[in-house]
Amino acid sequence: MSEAELTSTAISALANLLIAGAAIAAAIAAFLGLSTWKAQNIWVADRDLARALLKSIVKLDKTIASARSPMFWAGETAKYEGDALGTRRDASDLAHYARLDSIHAVYQEIEALMIEAEAVWGDSISAEWKKLSSELSHFFAQTQLFLSWKAAGQPGFIDGYFGDEAGRQRNYAIVFVAPGEDETNAFSQALIAATGDLKAKLRVKLGKPQ
């Protein structure tokens, strides 16, 4: 084979090698691009879910705070007052139940989001939500007990719970808290701790520091 033929063959082989290399590089680039695109989509979906949950948790905080206020505004009770509806005390009880319904509505909103969160993230977030749910169950039970005691004309004894003043005070401190007294209210602190842990984990999903 002549020198010219050898050169031509070498150039052809080099060209084929370059073409093959370019094809491999293109395939790698496409794969990396697809992986990046998938990772970006997953991050966006995680961020949106975390943001929705975080907003609902903050809404829950505010709804609970409103429900635990010892003050009832005239607008809250007016629609429950009147000869056909009952006394002012009945109206305040019904307004209190309406507050609880507001909490329950936000709770259901979070529960719906938690189904997706548990499916996507596993137990890491749902475990914190269960802690908060436990505190809320305690709050609802104590509020129902308070309202039952109030509706019964505030007898000194209901199932042994209100037989002493200390029991009534413990119950009242869970059901109500005056503005600015969260730091001295044990139940408020338990709620703050439960929501704080949950918020911290959700903010990590947003890519923000705790």
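Seven nonpolar, four polar and three charged residues make up the lining of the largest pocket; here Ala, Val, Leu, Ile, Met, Phe, Trp, Tyr, Cys and Pro count as nonpolar, Asp, Glu, Lys and Arg as charged, and the others, Gly among them, as polar. The model is a predicted one, in which local features need pLDDT of at least 70 and side-chain atom pairs pLDDT 80 or more, while totals for chains, interfaces and linings use all residues. Residues are numbered from 1 along each chain as its sequence is written, and side-chain values rest on heavy atoms, without hydrogens and water.

The volume of the largest pocket is about 250 Å³. Among its 14 lining residues, Asp-61, Ala-65, Arg-68, Asp-182 and Ser-188 are the closest to its centre. A pocket is an open set of points on a 1 Å grid over the protein atoms alone, where a 1.4 Å probe fits, with protein on both sides within 12 Å along at least five of seven lines; lining residues have an atom within 4 Å of a point. Its volume is the space filled by probe spheres set on the points, which are joined across faces, edges and corners. Helices are DSSP runs (H or I, at least four residues) numbered from the N terminus.

Beyond its neighbours within four places in sequence, Leu-202 is in contact (heavy atoms within 4.5 Å) with residues including Leu-53, Ile-57 and Trp-121.

Aromatic rings of Phe, Tyr and Trp (its six-membered ring) pair if their centres lie within 6.5 Å; planes under 30 degrees apart are stacked, over 60 edge-to-face and the rest tilted. Seven pairs are counted by this rule. Phe-146 and Trp-149 form a tilted pair, 6.0 Å centre to centre with 50° between the planes. Both are buried (under 20% relative accessible area, 1.4 Å probe, protein chains only). The ring centres of Phe-146 and Phe-176 are 5.3 Å apart and their planes stand at 85°, so this pair is edge-to-face. Because Phe-146 lies in helix α4 and Phe-176 in the loop between α5 and α6, the pair ties together parts 30 residues apart in sequence. Phe-146, Trp-149, Tyr-172 and Phe-176 form one aromatic cluster.

Key. Buried < 20%, exposed > 50% of the residue type's maximum accessible area, 1.4 Å probe, protein only. Helix = DSSP H or I, 4+ residues; strand = E, 2+ residues; numbered from the N terminus.
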